[in-house]
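Please work through each task before reading its solution.

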Amino acid sequence: MSASSAQTLPQASLRRGRLSDLEALVALERDFFSSDHIISQRSFRRFISSPTSTLIVADMGGKVAGSALVLYRRGSNLARLYSIAVAAEFQRRGLARRLLAAVEDDAVRRGCRAMRLEVREDDPAAIALYETSGYQPFGKRALYYDGKVDALRFEKSLAAQPQRRSAAATGRPAAGGRIGFDGGHRARRSRQASRFRL
Ligand SMILES: CC(C)(COP(=O)(O)OP(=O)(O)OC[C@H]1O[C@@H](n2cnc3c(N)ncnc32)[C@H](O)[C@@H]1OP(=O)(O)O)[C@@H](O)C(=O)NCCC(=O)NCCS
């Protein structure tokens with residue numbers, strides 16, 4: 001995308017994922033990940049309605065340009081960034097950074113102290129996104145992806161964020177509920193595709 005075309009594109013708005021987004025969300029998955037590892041429509045449907053997950057969508061004139069999914073677990077004040085992706089045509093415009101900030105804000109409102117994630121060690125774009133967004137490496141999972149690629153673990157403390165509001169203040173519960181997801185590791189269609197699995 002040229003600089004001039006980027007300037008003429010409308011600004012994306014961020015909003016909660018809706019059932020009407022299901023097809024677009026799965027299509028975005030298919031763009032980047034192999035068919036046996038994508039988040040299914042059924043799973044997206046569950047994440048959209050679950051009290052233990054938040055799905056944020058970047059809406060570009062009615063088109064799903066990207067999404068971020070964060071999961072919560074009962075008894076834990078750690079939020080888990082499960083997925084973030086931006087459609088190729090909308091990349092490098094700051095959408096992932098905005099999506100990340102939105103799910104961090106959601107985690108703060110739920111009383112979480114930190115956001116954690118894992119990322120393929122061969123994904124420099126995603127690693128750069130996290131490193132420049134305040135995430136610190138704290139460990140590694142050997143051969144985590146398809147038994148071949150290591151995962152780097154990152155964490156960001158949410159305690160110091162100025163907009164922090166307590167769960168009590170918002171009237172919303174802290175993270176609760178059991179995450180009923182298989183936790184499997186998705187394969188990527190290409191080396192450029194970015195996905196972490198928590
Ligand atoms: C990782 C991903 C979520 C980033 O989304 P994005 O909207 O393009 O990211 P942003 O524009 O918010 O960039 C934020 C920061 O991330 C880093 N970054 C993003 N893309 C990068 C890239 N291709 N190379 C290096 N750093 C990158 C940079 O630090 C960037 O900050 P800067 O623009 O000020 O330098 C996106 O690349 C993605 O969805 N990847 C999965 C699919 C994929 O990789 N497809 C490509 C081929 S299939």
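**Exercise 1.** Which residue in E3 does Ala-58 stand opposite?

*Solution.* The model is predicted, so local features need pLDDT of at least 70, side-chain atom pairs count only at pLDDT 80 or more, and totals for chains, interfaces and linings use all residues. Residues are numbered from 1 along each chain as its sequence is written.

Step 1. Strands (E, at least two residues) and helices (H or I, at least four) are DSSP runs, numbered from the N terminus; two strands pair if DSSP finds at least two bridges between them.
Step 2. Strand E2 (residues 53-60) runs antiparallel to E3, joined by 8 bridges.
Step 3. In E3, the residue opposite Ala-58 is Gly-66.
Step 4. The hairpin of E2 and E3 has 2 residues between the strands, and Gly-61 in the turn shows a positive phi of about 60°.

**Exercise 2.** Identify the residue in E4 that stands opposite Gly-66.

*Solution.* Step 1. Strand E4 (residues 78-86) pairs with E3 in the antiparallel sense over 6 bridges.
Step 1. Val-86 in E4 is the residue opposite Gly-66.
Step 2. This hairpin has 6 residues between its strands, with Gly-75 at a positive phi near 80°.

**Exercise 3.** Is strand E3 mostly covered or mostly uncovered?

*Solution.* Step 1. A residue is buried if 20 or more other C-beta atoms, placed from the backbone, lie within 10 Å of its own.
Step 1. Of the 9 residues in E3 (residues 63-71), 8 are buried, and the strand is mostly covered.

Conventions: A residue is buried if 20 or more other C-beta atoms lie within 10 Å of its own, exposed if 12 or fewer, and partly exposed in between; C-beta atoms are placed from the backbone.
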